[in-house]
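Student: Could you take me on a close look at the ligand and what surrounds it? I'd like to go through it slowly, one piece at a time.

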Amino acid sequence: MSKKIFSGVQPTGNLHLGNYLGAIKNFVELNNEKENDCIFCVVDLHAITIKQDKNELKSNIRETAATFIASGIDPSKSIIFNQSKVQAHAEASWILSCTAPMGWLNRMTQFKEKAGKDKEKASVGLYIYPVLMASDILLYDTSHVPVGEDQKQHLELTRDIAQKFNKEFICDDFFKVPEPLIKKNFSRIMSLKDGLKKMSKSDPSGLSRINLTDTKDEIVNKIRKAKTDSFPIPNIEKELNDRPEAENLLGIYSSISNQTLEKTLDEFGGKNFSFFKNELAEILSSKISPISGEIKKLIHDRQYLDNILLEGAEKAESIAGKKIKEIKKIIGF
Ligand code: TYM
């Protein structure tokens, strides 16, 4: 059955293996299924919830679009655009922030993590960011949203907001209630230095993540230095309990090789980590280096990227523009 796909990635630099395995790799698979309509958005309005340097933001927007294309998303099949180019996102976000109760937003764990100890200084934008995300999704009658595990709570909120709006304005099914697409085992890639921490672009240690622009040597070096434990690789999944670093590296291997964790354990059970790390570095560089090479090529072709984003924005506008008009009519504007 055909799916309407929407997902977004923030243009905040350092796109990494977590973004790739948790999200972008799945975008490519969905793009490749002929019957799907896919929209992949560079969410620049989300990026400014935290202070950004103007010039870096501009180049990160292009780099994120380049990463989508270099990873295999075909811009002639899927829509690629940046959020700030389509006004309806900001408008819908205001309207839906009048539907979403504060109590629901107060439960969002990502806000608590990102705002840290000094909540008073966090921007209001950071607080209502999940409402903007709900607007992104609901404007396009999205049926499925591919994301990593960390976005699950935001998707539940999106579903709640859609249902509350439909009920309050007595417009059954006006907003389609979207389904998350979260890969069961590999939707939370952890730091290479601490198996209990998510791999993240904001981690101060560059050794904690593999960036999608890393060279082969950088990948080999980071995998060599990745934290492990002193036991051999087990044969069964259950024995990975309480071994978060081992579980993470074996998960990364499985995901990048498109195979189950069980199969990876069959292959490497009983072997030691120095052997496994060589294999992991090998497969990662064979999959990531072509992407990083392509990103580096594409970012020099600004005109090409700007054209893709412009064409994408026009297509997105023609869908979202209609929806926001209907939203306004429903609420009485
Ligand atoms: P962002 O930009 O933080 O991350 C982009 C995507 O990468 C996934 N991801 C990970 N997956 C597995 N392991 C990790 N360590 C890891 N780190 C990041 C994220 O889950 C995400 O899928 N709010 C979103 C962007 C957004 C969006 C949307 C997504 C805005 N509007 C509408 C879907 C639909 C965000 O900040 O993602």
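Tutor: Let's start with asparagine 19: one of its polar side-chain atoms lies 3.1 Å from an oxygen atom of the ligand. Keep in mind that this is a predicted model, so every distance here is computed from predicted positions. Glycine 18 also takes part, with a backbone N or O atom 3.1 Å from a nitrogen atom of the ligand. Now look for methionine 199, where a polar backbone atom is 2.9 Å from a ligand nitrogen. How much of the ligand's own accessible area does the protein cover? On its own the ligand has 710 Å² of accessible area, and the protein covers 97% of it.

Next, step back to see the surroundings. The ligand sits in the largest pocket, and there are 27 residues around it. Those that come nearest are Gln10, Tyr129, Asp136, Asp150 and Ile189.

Lysine 323 belongs to helix H13, which spans residues 302-331. With a relative accessible area of 6%, lysine 323 counts as buried, because buried means under 20%. What does its side chain meet there? The side chain of lysine 323 makes a polar contact of 2.7 Å with the side chain of aspartate 141. Leaving aside neighbours within four places in sequence, lysine 323 is in contact with Leu138, Leu139, Asp141, Phe174 and Phe175.

How values were computed: Residues numbered from 1 in each chain as written. Predicted model: local features only at pLDDT ≥ 70, side-chain atom pairs only at ≥ 80, totals over all residues. Heavy atoms only, no water. Helix = DSSP H or I, 4+ residues; strand = E, 2+ residues; numbered from the N terminus. Buried < 20%, exposed > 50% of the residue type's maximum accessible area, 1.4 Å probe, protein only. Polar contact = N/O pair within 3.5 Å; in protein donor to acceptor, adjacent residues only side chain to side chain. Contact = heavy atoms within 4.5 Å. Near = heavy atom within 4 Å. Areas by Shrake-Rupley, 256 points an atom, 1.4 Å probe, with all protein chains shown as cover. 1 Å grid on protein atoms, 1.4 Å probe; cavity = no way out; pocket = protein on both sides within 12 Å on 5 of 7 lines; lining within 4 Å. Sits in = over half its atoms within 2 Å of the grid points.
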